[in-house]
Amino acid sequence: MTAAPAGGALLARPGPLRAPEATRSNALPAGAWWLWALGLATAASRTTNPLLLGLLVGVAGYVVAVRRTDAPWARSYGTFVRIGLFVIGVRLVFSAFLGSPVPGTHVLFTLPELPLPGWAQGIRLGGRVSVEQLVFALYDGAKLAALLICVGAANSLANPARLLKSLPGALYEAGVAVVVAMTFAPNMVADVLRLRTARRLRGRPTGGVKAVLQIGLPVLEGALERSVALAASMDARGYGRTAQVPPAVRHTTSVLTLGGLLGVCAGTYGLLAAQGAVYGLPLVIAGLVAAMAGLRLGGARSVRTRYRPDRWGVRAWLVAGSGAVVAVSMIWAGTVDGEALHPGVVPLVAPVLPLWPAAAVLIGLLPAVVAPVPPVVGGPRSKELR
């Protein structure tokens with residue numbers, strides 16, 4: 001009778017290939033989640049194929065569904081999805097009313113066209129709306145929506161406070177402002193959901209202009225109170241204090257950082273342009289080296305210490321590497337078979353799912369397997385990860 005419980009215990013015990021439960025010590029660094037999401041976003045920016053874009057959004061959504069916690073910022077993914085759908089709708093409306101450079105022969109309907117003066121040649125308001133121009137606008141809007149949703153996945157999975165801890169000392173002051181801004185939106189979304197639930201339980205309407213005005217004031221009041229409390233706590237902990245460094249070090253830091261960033265921008269433009277591939281890669285490498293040296297010198301001004309610094313283990317590198325593999329594979333696919341990544345609209349053809357780019361996108365599901373499993377919602381360990 002004791003064999004069954006022992007066997008059940010063995011089955012419940014996590015094996016070497018099973019992801020452990022996330023704790024304060026083994027939670028993935030925020031930078032790993034952002035590198036993974038930026039890799040998916042880079043892949044989304046290289047294609048207008050709606051099937052590949054839908055696959056990227058599905059990969060990001062599945063990872064968020066199985067690996068997000070119950071923290072306030074983890075609830076913002078749905079908002080990013082709605083923003084993406086809104087972007088697609090706006091792009092379609094603008095294409096219908098303002099026209100499109102894409103010629104079309106399949107006319108859906110004709111809007112009343114407003115006459116414009118001669119200096120506005122090339123611009124029209126109203127007129128014929130074809131299937132080709134709407135499909136082109138749909139592809140273009142879907143690309144931007146997928147990019148926003150991938151960034152929203154990182155915002156839902158990465159802890160903003162832990163991201164601040166990972167920044168170099170030279171970027172710490174700017175990072176504080178960015179983290180506060182990133183934390184404001186998810187908390188505001190959580191406040192809106194909480195107030196709408198409270199109104200629904202009291203039998204009050206949650207829709208309409210009056211309800212929005214009644215909800216908006218408490219939300220803004222709560223955001224202001226959190227901002228004042230956060231500023232007071234940060235001032236009490238010594239945020240913003242810097243050490244004295246010689247002027248020569250400050251000037252050298254500024255020159256290296258700005259010069260390195262300019263070199264990275266020029267090198268990236270060279271890699272994207274057809275005629276700058278020769279000097280693009282050396283400029284990117286030189287710019288990165290100069291920028292890293294500038295950030296290293298600029299870190300001397302920071303007098304802070306790090307408590308429980310995030311450690312990049314094997315799982316963190318696998319998560320970040322999966323996003324990089326997806327981005328590199330999509331860029332390579334664009335050079336080999338660009339037509340599959342950008343389906344034509346004139347003549348109008350049905351998009352086809354390319355097999356090996358789609359298989360490369362599925363590598364982005366690796367975090368759903370290797371990342372630590374979040375604790376049960378409402379459990380004692382779920383509060384540790386907030």
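Helices α4 and α5 are roughly antiparallel to each other, a label given to angles over 145 degrees between N-to-C directions. In this predicted model, α4 (residues 77–98) and α5 (residues 131–157) pack at an angle of about 160°, and their axes lie 8 Å apart. Axes are lines fitted to C-alpha atoms over the stretch in contact, with angles running from 0 to 180 degrees; helices are DSSP runs (H or I, at least four residues) numbered from the N terminus. The crossing of α4 past α5 is right-handed, that is, the near helix is turned clockwise from the far one by less than a right angle. By class, the contact of α4 with α5 has 18 nonpolar, seven polar and two charged residues.

One salt bridge is found in a search of the whole structure. Asp140 pairs with Arg91 in this way, with 3.3 Å between the closest N and O atoms; the criterion is a side-chain nitrogen of Lys or Arg within 4 Å of a carboxyl oxygen of Asp or Glu. Because Asp140 lies in helix α5 and Arg91 in helix α4, the pair ties together parts that are 49 residues apart in sequence.

Val93, Phe94, Phe97, Leu98, Leu114, Leu116 and Leu125 make a nonpolar surface patch of about 620 Å² (residues with over 30% relative accessible area and no salt bridge, nonpolar side chains being joined within 5 Å; areas by the Shrake-Rupley method with a 1.4 Å probe). Helix α4 gives the most to this patch, with four residues.

Residues are numbered from 1 along each chain as its sequence is written, and side-chain values use heavy atoms, without hydrogens and water. Local features need pLDDT of at least 70 and side-chain atom pairs count only at pLDDT 80 or more, whereas totals for chains, interfaces and linings use all residues.

Notes: Helices (H or I, at least four residues) and strands (E, at least two) are DSSP runs, numbered from the N terminus. Angles under 35 degrees count as roughly parallel, over 145 as roughly antiparallel, 65 to 115 as roughly perpendicular and the rest as oblique. Ala, Val, Leu, Ile, Met, Phe, Trp, Tyr, Cys and Pro count as nonpolar, Asp, Glu, Lys and Arg as charged, and the others, Gly among them, as polar. Patches are made of residues with over 30% relative accessible area and no salt bridge: like charges are joined within 9 Å, nonpolar side chains (Val, Leu, Ile, Met, Phe, Trp, Tyr) within 5 Å.
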